[in-house]
Amino acid sequence: MFKKSRKKIVAAIMSILTLLWVGTLCVIYVSSYFEVATTNQEMLKEHAERYMLEKPMGGAFDPMKPFPDRGPHFDTNQFKLSTFYTVAISYDNNVIEIRNDDAAVYTDAELESAARQVLKKSNTNGVIDNLVYYRMDKGGYTLVSFMDNTIIRESMNTLFRYTLIFGGVAIIALYFLAAYLANKIVTPLEESYQKQKQFISDAGHELKTPVSVVSANAELLSREIGDNQWLQNIQYENERMGMLVGQLLDLARTENVAPQMEHIDFSRLVAGEALPFESVAFEKGLTLNTNITSNIGVIGSSTQLKQIVSILLDNAIRHSKGGGEVWLSLTKEHGFAKLSVINKGDEIPAEQREHIFERFYRVDTARNSEDKHYGLGLAIAKAITTSHKGNIAVLCFDGFVEFRVQIPTI
C-alpha cells in the first residue's frame with residue numbers, strides 16, 4: 001500500500017516537473033525561432049526595398065526614383081554582417097542580374113534555380129531549403145532576395161539539443177529528489193500504520209488470556225449456582241469479547257504473517273465452503289444460487305481463501321433485504337479467478353465505498369455490535385486478497401450489491 005503511495009507521489013511530482021520543463025522549452029524555442037524568423041524577414045524586406053540595379057534597364061524604371069529611407073535594422077551589426085543574395089528577373093522571365101558576394105557557398109546557378117522556384121510560390125516570403133527569401137516587384141522586374149539560414153538553424157538546433165541534455169539531467173536529479181520527498185512524506189504514515197497493526201496484534205493476544213479465564217470461571221460458577229441472570233449477562237458479553245479478540249488475531253495474522261502458499265483447486269474450495277451457507281441462507285428466507293466454473297487453479301493459502309468465501313457469503317446473507325436470492329459465482333477471466341457474491345440491498349454511497357474495507361468501519365453507523373460483527377470481516381478479506389496479489393471491490397447497481405474478488409490463476 002505504502003509502496004504504491006510512494007510511486008504515486010513520485011509520479012505526480014515528476015509529471016508536474018516534466019510538463020513545466022516541456023512547456024518552458026517549447027515557449028523558449030518557439031518564441032526564439034519566430035523572433036529570429038521575423039527579424040530575418042524584416043531585414044530581407046529592407047534590403048529588397050533599397051536594392052538598385054547596377055545597370056539600369058532603359059525605360060523599365062525610373063533611375064531617379066528617391067532612395068528608400070533607412071529601416072530600423074539598417075544600422076545594426078546583424079544587418080551589416082548578414083550576407084544577402086539577390087536575383088533580379090524581368091517580367092519575361094529572363095535573369096537581369098545576380099548578386100552573389102559569397103560564391104563559395106552558393107553558385108549563381110543554384111541561386112537562379114531557387115529564385116525561379118520562389119516565383120512559382122504564392123507567398124512573398126518564406127524558406128526554401130536553407131535560404132530565407134523575400135520577393136518584391138520593383139517595377140519592371142521582380143527581385144528575389146535571399147539570406148542563408150544555415151547558421152541560425154544550427155544555432156537553434158544546438159540550443160534545443162543542449163536544453164534537452166541539461167533538462168534531462170535535471171529531470172533525473174529531480175527524480176531522486178522526488179523519491180526522497182515521497183519517502184519523507186510516507187514514512188511517518190507507514191510507521192503510524194505499523195504501530196496500529198502492532199497494537200491490534202498485541203491487544204488481541206493480551207485480551208485472549210483474560211477472556212479465556214473469565215469464560216472458564218463463569219462456566220464453573222454456573223455449575224455452582226445454576227441459572228442466574230447476571231451470570232448469563234457476563235457469559236454473553238464475554239462471548240462477544242471472545243469473538244472480537246478472535247477477529248483481531250485473524251487480522252493480525254493475515255497482515256503480519258506470510259501465508260504458506262500451495263497449488264489449490266479454487267473451484268472445489270469455493271464449492272465446499274459455500275455448501276454450509278445454503279442452510280444459513282434458508283434460515284433467513286433466502287436461496288443461495290451458485291455458478292462455479294470447474295478446474296480453476298490458484299496459488300494461495302486454502303485457510304485464508306476459505307475465509308474470504310465465508311466472509312463474503314456471511315456479509316451478503318446478513319445484509320440481504322426483501323428476501324429472494326444470493327448469488328455466488330466463480331469464473332476465470334483474463335488470467336484471474338473472479339469470485340463474485342451478489343445480494344439485494346441498499347446502495348452503498350460512493351464516498352463510503354472507499355472506506356468499507358477499513359478496520360472497524362461500518363456503513364450503518366446506527367447499528368451496534370449486537371450481531372457479533374465489528375467491522376473487521378471486510379478488512380480481513382482485503383488483507384487476504386492483497387497477500388494473494390489480487391484485488392477486491394464493491395459495486396452497486398439496480399438495487400443489488402456485489403463484492404468482487406480477483407486472484408491470479410495458475
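Author: Helix H7 covers residues 302-319, which makes 18 residues. From its first C-alpha to its last it reaches 26 Å, close to the 26 Å expected at 1.5 Å a residue; the expected span is 1.5 Å times one less than the number of residues. Helices here are DSSP runs (H or I, at least four residues), numbered from the N terminus.

The model is predicted: local features need pLDDT of at least 70, side-chain atom pairs count only at pLDDT 80 or more, and totals for chains, interfaces and linings use all residues. Residues are numbered from 1 along each chain as its sequence is written, and side-chain values use heavy atoms, with hydrogens and water left out.

Much of the helix can be described by cover. Buried means under 20% relative accessible area, exposed over 50%, and partly exposed in between (1.4 Å probe, protein chains only). The buried residues of H7 include Leu305, Ile308, Val309, Ile311, Leu312, Leu313 and Ile317. Gln304, Gln307, Ser310 and Asn315 are also buried.

Asp314 and Arg318 form a salt bridge, with their closest N and O atoms 3.0 Å apart. A salt bridge is a side-chain nitrogen of Lys or Arg within 4 Å of a carboxyl oxygen of Asp or Glu. Side chains of opposite charge can pair when their charged atoms come close. Because Asp314 and Arg318 are four residues apart in helix H7, about one helical turn separates them. Asp314 is partly exposed at 23% relative accessible area, and Arg318 is partly exposed at 27%.

By this rule the count comes to seven salt bridges. One of them joins Lys338 and Glu333, with the closest N and O atoms 3.2 Å apart. In that pair Lys338 is buried, with a relative accessible area of 14%, whereas Glu333 is partly exposed at 32%. Arg404 and Glu402 also meet through their side chains in a salt bridge, 3.2 Å from N to O. Here Arg404 is partly exposed at 27%, while Glu402 is buried at 5%.

Other charged side chains belong to a surface patch. Lys3, Lys4, Lys7, Lys8 and Lys382 form a positive one; patches are made of residues with over 30% relative accessible area and no salt bridge, like charges being joined within 9 Å and nonpolar side chains (Val, Leu, Ile, Met, Phe, Trp, Tyr) within 5 Å. Helix H1 (residues 2-50) gives the most to this patch, with four residues. Lys4 lies in helix H1 and is exposed, with a relative accessible area of 60%.

Technical notes. Accessible areas come from the Shrake-Rupley method with a 1.4 Å probe; for residues, only the protein chains shown count as cover. Lys and Arg count as positive and Asp and Glu as negative; His and the chain ends are not counted. The place of a charge is taken as NZ of Lys, CZ of Arg, CG of Asp or CD of Glu. Helices (H or I, at least four residues) and strands (E, at least two) are DSSP runs, numbered from the N terminus.
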